[in-house]
Amino acid sequence: GELADRALADAGDAPLIRARVLMRLAFLTRQVDLQRGAAAVHEAVTLLEAIPGTVDPDLLANALLLRASADFGLVRALRRDDIVRAEALISTDGRSWERENADGCAFGLARHTDMLDSAIAMTNRLIQEKSGPGGDHPFHPVHLAGPPYLRGPAAEARPGAQRGGPWRGGG
């Protein structure tokens with residue numbers, strides 16, 4: 001928190017830099033202070049949407065989904081249009097923190113709002129996009145096992161969970 005606060009002070013008024021720092025601050029602080037994290041990400045979205053021209057799509061997607069995630073945690077109304085917009089913005093080949101976090105937020109929102117088929121499709125897509133040297137992620141099979149279990153028979157989820165461990169992806 002303290003380091004992020006200093007980074008925010010150092011960012012000054014440059015909207016793009018300030019928004020990026022606010023998003024990192026929101027990511028860190030919402031773990032212990034959801035109200036503060038939500039306020040930071042709301043400010044970041046406002047800054048990004050006011051920037052003329054095109055903003056990095058993964059950056060904006062992450063900001064919108066972080067905001068939705070914070071709003072969900074605070075039991076506020078979800079901005080479904082923003083969620084759909086953000087999901088459409090996520091790049092298929094990005095490797096930034098913003099892309100990774102946007103994917104995670106999108107999956108979490110789908111899973112926690114009982115959009116289980118969407119959560120399964122997202123995980124399958126991520127496995128395809130990120131598989132290969134240096135791209136396999138040990139948590140994807142585990143994530144893929146969760147939604148079918150929540151939706152219905154444990155027998156459907158068990159094979160996916162068993163395939164996920166022990167992890168053979170080199171890590």
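Which residue forms a salt bridge with R79, and how far apart are the closest N and O atoms? Select R79 together with D71, because a salt bridge here is a side-chain nitrogen of Lys or Arg within 4 Å of a carboxyl oxygen of Asp or Glu, and the closest N and O atoms of R79 and D71 are 3.7 Å apart.

Before going on, note that this is a predicted model, in which local features need pLDDT of at least 70 and side-chain atom pairs count only at pLDDT 80 or more, while totals for chains, interfaces and linings use all residues. Residues are numbered from 1 along each chain as its sequence is written, and side-chain values use heavy atoms, with hydrogens and water left out.

D71 is buried at 2% relative accessibility, whereas R76 is partly exposed at 37% and R79 is partly exposed at 38%.

Next, select residues 57-73, which make up helix 4; helices (H or I, at least four residues) and strands (E, at least two) are DSSP runs, numbered from the N terminus. The expected span of a helix is 1.5 Å times one less than its number of residues, so the 17 residues of helix 4 should span 24 Å, and this agrees with its end C-alpha atoms, which are 24 Å apart. Of these 17 residues, 13 are buried, so helix 4 is largely enclosed by the rest of the structure. Just after helix 4, click on V75, which takes a positive phi of about 55°.

Now move to R20 and E98, whose salt bridge has its closest N and O atoms 3.0 Å apart. R20 lies in helix 2 (residues 15-29) and E98 in helix 6 (residues 97-112), so the pair ties together parts that are 78 residues apart in sequence. R20 is partly exposed at 32% relative accessibility, while E98 is buried at 4%.

Finally, colour by pLDDT, the predictor's confidence in each residue, from 0 to 100. The protein averages a pLDDT of 80, and 73% of the residues score at least 70. Where pLDDT is low, the predicted coordinates should not be read in detail.

Terms used: Buried < 20%, exposed > 50% of the residue type's maximum accessible area, 1.4 Å probe, protein only.
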